[in-house]
Every structure is written in structure tokens, then in C-alpha cells.
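Have the structure open beside you as you read.

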Amino acid sequence: MEPLSGLKVIEMGQLIAGPFAAKTLADFGADVVKIEPPKVGDALRKWRLLKDGTSIWWQVQSRNKRSLSLDLKQVEAQDIVRTLAKDADILIENFRPGTLEAWGLDPNELLKINPRLIVLRISGYGQTGPYRDKPGFGVVAEAMGGLRHLTAEPGRVPVRVGISIGDTLASLHGVIGILMALQERHRSGKGQVIDIALYEAVFNCMESLLPEYSAFGEVRQAAGSALPGIAPTNAYLCADGGYILIAGNGDSIFKRLMKLIGREDLGDDPQLENNDGRVKRVMELDQVIGEWAKTVSTDVALEALDSVAVPAGKIYTVADIAKDPHYKARGNIETIKMQDGTSVDVPGVFPKLSRTPGSIKTLAPDIGQNTEEILRDIGLSDSQVVSLKARGVAFTK
């Protein structure tokens with residue numbers, strides 16, 4: 001059995017933050033019922049590149065889930081959610097604050113129905129505070145959390161990370177919160193509400209940013225490919241036009257790197273023995289490493305650095321990822337067959353557990369694919385299901 005087998009999860013989220021959290025639970029055995037609006041479904045179905053009208057991303061984000069399509073503006077649909085909540089362990093939502101309450105699904109009321117229920121709420125700014133009602137997307141959270149200010153070359157416009165990292169960080173914080181709440185529930189028998197703000201998830205990963213400002217008035221600035229205060233670590237251009245990342249910032253690693261590039265004088269320099277000394281002369285170090293890199297190709301440089309155990313790597317494209325033997329050896333990429341028989345590669349299941357690993361069990365569902373079976377699971381008769389469908393309360397494929 002997988003570690004979360006037996007857990008019942010209601011997913012009421014959309015797009016990325018809530019669904020990614022639910023996907024992670026589903027990969028490890030949780031029974032996730034994804035509630036989607038009729039006909040159009042989750043908006044992610046139309047994001048990025050589409051195949052036969054549906055995003056290929058959908059196959060990753062919604063695998064291992066069952067789709068229940070309801071019009072939540074209708075009271076009977078809200079009643080169905082309450083019925084599901086009576087027997088659920090977890091409810092996940094990432095709507096703007098107040099949306100559940102407007103549907104009569106206030107988490108405090110749901111906890112009265114099921115005191116063991118754990119409710120994960122992900123929103124741009126959290127359920128409290130002066131910004132709670134503002135719309136918030138991951139990119140805005142990345143800026144407010146402090147990340148966007150750092151992702152640029154000095155003096156140039158800040159750029160976004162090429163994925164929705166703010167949403168994903170919030171999702172992972174949400175999964176951590178769920179697992180903590182489940183552990184606590186073993187003792188108390190009670191559920192609780194987990195309040196995740198997108199910007200807080202980003203801010204929580206900003207390392208020494210705040211204490212440096214508090215102690216020294218230091219406002220960290222964008223540094224391009226370098227990591228300020230840790231040296232040497234940067235991207236260096238090789239003779240073939242490719243870049244390699246070299247992290248020579250460990251004390252013994254630095255000595256090995258300097259010996260490799262023929263600069264033992266720097267490796268033996270007492271001023272460069274520790275990181276604080278190297279930071280003071282980082283421009284000099286980057287220059288000498290860069291001069292060496294320009295004399296060799298990417299592959300030759302990496303082979304040489306590997307031979308002396310200096311952490312280094314090239315900058316991967318997805319084409320590099322798809323053919324990399326290490327990805328293959330660790331099962332990082334799995335091939336699935338979609339409903340039309342087309343094979344497609346998708347990310348595997350993470351993290352890796354030795355005894356009870358997760359797995360991809362089912363394909364991402366069509367809109368309302370599981371509506372009838374889920375409604376029957378909660379005790380509705382065939383005639384009731386037909387009536388709900390006829391009146392537009394529920395929708396099936």
C-alpha cells in the first residue's frame with residue numbers, strides 16, 4: 001500500500017497551487033476527488049500547448065484524480081460538497097478568500113460537520129490582513145516575497161523564473177502543512193485549517209535576506225548568475241559557446257579548482273582560505289576562472305572538473321533532460337499512454353520512498369468523467385443522478 005492510501009481528499013482548487021498539492025497526495029495513494037465547473041472544467045485544461053484541445057500539462061497536474069463536475073452556484077451542488085466533506089480527510093482550495101463562504105462552505109461550518117477535516121486554503125495574500133481580498137497570482141507573490149528583485153542582471157529589468165515557482169512553493173508548503181496536521185490529528189482526533197499565502201511561501205525561502213537588512217541595512221541586489229556572499233560560484237562561458245556552472249565555494253574545493261586551472265598561487269593564498277576572504281576578491285576570482293573556461297569546450301571543462309571533484313554542470317534544456325542517463329536511471333521520467341494511445345513522457349513521482357513509493361495509477365480524467373460513480377459513492381440513486389444532470393447541477397463526460 002502507498003503511504004496515503006485510504007485518505008479521502010476533496011480538491012476544489014484550480015490552475016496550479018491547489019491542484020499541485022492534491023496531485024502530490026494522489027501520487028502517494030490518496031483518493032482525490034477533483035471538483036470542476038461544468039463543460040469548461042479547470043482552466044489549466046487550456047494552458048500552454050494543447051493536444052486534441054486539452055493541455056498536455058493536464059496529464060501531469062491531474063493524474064491519479066477523479067473528476068466530479070458540479071455547478072457550485074447551485075445549492076444542491078453545495079450540499080453534495082457537504083456530503084463529501086462528512087467522510088473526507090482533507091479539503092484543498094485556492095480561491096480568493098470568501099469564495100467558499102459565499103457558497104455556504106465556510107471551513108468552520110465544515111469542521112462542525114466533520115471535526116476531523118483538514119482544510120488547506122491557498123491564496124495570494126492569506127485569509128487575513130489588509131491585502132486578503134486582492135487577487136493574487138504566483139508572479140505577483142514572487143515579487144512581493146522578494147524573489148523577483150533578485151532575478152536579473154545588475155541594472156537591468158528583473159525577469160521572472162520561467163515557471164510558476166510561487167505557486168509550486170505554496171503547494172509544497174501546503175503539503176507540509178497537511179502532513180503536520182495529519183500527524184497532530186493522531187493525537188487530538190481533530191482537524192484544522194491551514195492558511196497558506198503565496199507570497200509567504202516565497203518569503204520563507206529567501207534565506208538571509210531579512211536578517212541582513214535588519215542587522216546591517218543591507219538591501220541585497222540582483223547579481224545575475226552569481227550568488228552574492230558566496231564565492232566563487234557563477235556561470236562561465238566556454239570555448240564552444242556553452243556555459244557551465246562552477247561552485248568552487250567550499251574551502252577545500254576552492255583549492256582543488258585553483259590547482260586545476262593552474263592558479264595554485266590563489267589556492268595557497270591565506271586571504272582566500274575562507275569564504276569571507278574570497279567574497280572580497282570575487283571579481284578577481286571570476287575573471288581567472290572565466291579565462292580558463294574560455295580555453296576549453298563545455299564537455300572538456302566538465303570532465304576536468306569532475307576529475308577533481310569540483311561541483312559543476314551545464315545548463316540543461318528539456319532536450320538535455322530527456323536524454324540524460326541519470327534521469328533515466330533514477331526513474332525521473334515515465335512514459336504514459338493517453339486515452340488516444342499516444343505515448344508521452346511525464347515527470348515521475350517525487351519524493352522517492354524506499355518501502356512505500358508513490359506511482360502513476362490513472363490518467364488525468366476528462367471533465368466529469370467520474371461524476372456518476374462519485375455521486376453513487378455518497379448514496380445517491382440512479383434517478384437522483386439523472387435528475388441532477390438534467391437540471392445542470394452535475395455534469396458527466
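In what kind of link do the side chains of Glu93 and Arg121 meet? They meet in a salt bridge, with N and O 2.6 Å apart; the term stands for a side-chain nitrogen of Lys or Arg within 4 Å of a carboxyl oxygen of Asp or Glu. Glu93 lies in strand β6 (residues 90-93) and Arg121 in strand β7 (residues 118-123), so this pair ties together parts 28 residues apart in sequence. Helices (H or I, at least four residues) and strands (E, at least two) are DSSP runs, numbered from the N terminus. Both Glu93 and Arg121 are buried, where buried means under 20% relative accessible area, exposed over 50%, and partly exposed in between (1.4 Å probe, protein chains only).

A word on what you are looking at. This is a predicted model, in which local features need pLDDT of at least 70 and side-chain atom pairs count only at pLDDT 80 or more, while totals for chains, interfaces and linings use all residues. Residues are numbered from 1 along each chain as its sequence is written, and side-chain values use heavy atoms, leaving out hydrogens and water.

Now step back to the whole chain. You can find 18 helices and 14 strands in it, and of its 397 residues, 44% count as buried.

A search of the whole structure finds 31 salt bridges, so let's visit a few others. Asp27 and Lys23 form one at 4.0 Å, N to O. These two are four residues apart in helix α1 (residues 17-27), which means about one helical turn separates them. Asp27 is buried at 1% relative accessibility, and Lys23 is buried too, at 9%.

Arg391 and Glu76 make another salt bridge, their closest N and O atoms being 2.3 Å apart. This pair links distant parts of the chain, 315 residues apart: Arg391 sits in the loop between α18 (382-390) and β14 (394-395), and Glu76 in helix α3 (residues 75-86). Arg391 is partly exposed at 41% relative accessible area, as is Glu76 at 34%. Salt bridges can also form a network, as with Glu11, Lys34, Asp42 and Lys65.

Asp286 is buried yet has no salt bridge, and the nearest side chain of opposite charge, Arg278, is 10 Å away. What does join the side chains of Asp286 and Tyr236? The answer is a polar contact of 2.6 Å, meaning a pair of N or O atoms within 3.5 Å; within protein, one must be able to donate a hydrogen and the other to accept it, and residues adjacent in sequence count only if both atoms are side-chain atoms.

Note on methods
Lys, Arg positive; Asp, Glu negative; His and termini not counted.
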